[in-house]
Amino acid sequence: QKSVSEITAAVAEVMGIEPVRVFTSSTGVIGEPLAHDCIIAKIGDLAEMLNENSGESAARAIMTTDTFPKGASAVIRGDGGPIHISGIAKGSGMIAPDMATMLVYIFTDAKISALALQKMLSRQVDRTFNAITVDSDTSTSDALFLAATGQSDAAPLAGQVAKVFEAALADVMLALAHQVVRDGEGATKFVEVRVTGAKSDIDAKKVAMAIANSPLVKTAIAGEDPNWGRIVMAVGKSGAAADRDRLTIHFGDILVA
């Protein structure tokens, strides 16, 4: 808490803003004190380096065990001008639903209220960042920030433009989520689990996560062994309603059961 307060106060002073306008996030070894003096000593230098083309530098700066910087962007046609969405992310270990040990920052110049933006974000986060897993572990620390500057020349989001904007936001979020999975520590495969015909969306997610997090399924995938019995096992242990005699399993386009 002391580290957060000290860093927040220092950033606020250098940038000439109120401390409540400064949001902090961090990742690292759990339980180790943060050497905030080292960070504070560089804030002035960092402020002088700020420019409109520093997105990639920011993506690289937040890397820890990541092997590559992660970013995604989109532009839509607004009423009166373009509307931009850009995001960066970091994360490769302790990746499981409810975001995991990752940091994500998304910015848009759209004119939109905080409430409307939050509703869009909440709708899309369950389909993107809360639907990924690498090692089934959820960290003590995660953050997803979405900020709207309102600097676009386009009119405030409304009607069809708002729908197009949310679709573009979803694309950016999914692209970042996929990059996090692809950079999973020790990962050699990228797999999407699709569940259809479930009793509910909740049951579908139970089944998907049981399959994705199963050590036996993981070893089968890693060893490229099409042992579909392990899929059946995972469905059964998920707790979701399921009829074994009606199960259909595909590996890619190949019907295996």
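Predicted model: local features only at pLDDT ≥ 70, side-chain atom pairs only at ≥ 80, totals over all residues.
The crossing of helices α7 and α8 is left-handed. Helix α7 covers residues 215-222 and helix α8 covers residues 229-237. Their axes are 9 Å apart and the packing angle is about 155°. Since angles over 145 degrees count as roughly antiparallel, that is how α7 runs relative to α8. As for the residues involved, α7 brings Leu-216, Val-217, Thr-219 and Ala-220 to the contact, and on the α8 side they meet Arg-230, Ile-231, Met-233 and Ala-234.

The other helix pair I have is α1 with α2. Here the crossing is right-handed. The axes of α1 and α2 come within 10 Å and cross at roughly 15°. The cut-off for roughly parallel is under 35 degrees, so α1 and α2 are roughly parallel to each other. From α1, the contact is made by Lys-2, Ser-3, Glu-6, Ile-7, Ala-10, Val-11, Val-14 and Met-15. From α2, the residues are His-36, Ile-39, Ile-40, Ile-43, Gly-44 and Ala-47.

Now the chain as a whole. The secondary structure comes to eight helices and six strands. Reading from the N terminus, the order is α-α-α-β-β-β-α-β-α-α-α-α-β-β. Along the principal axes, the C-alpha atoms fill a box of roughly 65 × 50 × 25 Å. There are 257 residues in the protein chain, and buried residues make up 35% of them. Taking contacts with a separation of 6 or more, 71% are accounted for by residues 24 or more positions apart.

Next, the rings. How many aromatic pairs are there? The count comes to two. One of them is Phe-23 with Phe-145, an edge-to-face pair at 5.8 Å centre to centre, with 70° between the planes. This pair links distant parts of the chain, 122 residues apart: Phe-23 is in the loop between α1 and α2, and Phe-145 is in strand β4, residues 143-148. Phe-23 has 63% relative accessibility and counts as exposed, because the threshold for exposed is over 50%. Phe-145, at 24%, counts as partly exposed.

Tyr-105 also pairs with Phe-145. Their ring centres are 5.6 Å apart and the planes are at 10°, so this pair is stacked. Tyr-105 lies in strand β3, residues 103-108, and Phe-145 in strand β4, so the pair ties together parts that are 40 residues apart in sequence. Is Tyr-105 buried or exposed? Its relative accessibility is 15%, and Tyr-105 therefore counts as buried, the limit being under 20%. Put together, Phe-23, Tyr-105 and Phe-145 form one aromatic cluster.

The charged end of Lys-70 sits over the ring of Phe-68, at 4.3 Å from the ring centre. For Phe-190, the residue over the face is Arg-182, at 3.8 Å from the ring centre.

Arg-60 is found in helix α3, which covers residues 55-61. With a relative accessible area of 47%, Arg-60 is partly exposed. Between the C-alpha atoms of Arg-60 and Ala-208 the separation is 32 Å, and along the chain the two are 148 residues apart.

Technical notes: Residues numbered from 1 in each chain as written. Heavy atoms only, no water. Phe/Tyr/Trp six-rings, centres within 6.5 Å; stacked < 30°, edge-to-face > 60°. Helix = DSSP H or I, 4+ residues; strand = E, 2+ residues; numbered from the N terminus. Buried < 20%, exposed > 50% of the residue type's maximum accessible area, 1.4 Å probe, protein only. Lys NZ or Arg CZ within 6 Å of the ring centre and 35° of its normal. Axes fitted to C-alpha atoms, helices over the stretch in contact; angles between N-to-C directions. Parallel < 35°, antiparallel > 145°, perpendicular 65-115°, else oblique. Left-handed = near helix turned anticlockwise from the far one by under 90°. Contact = heavy atoms within 4.5 Å.
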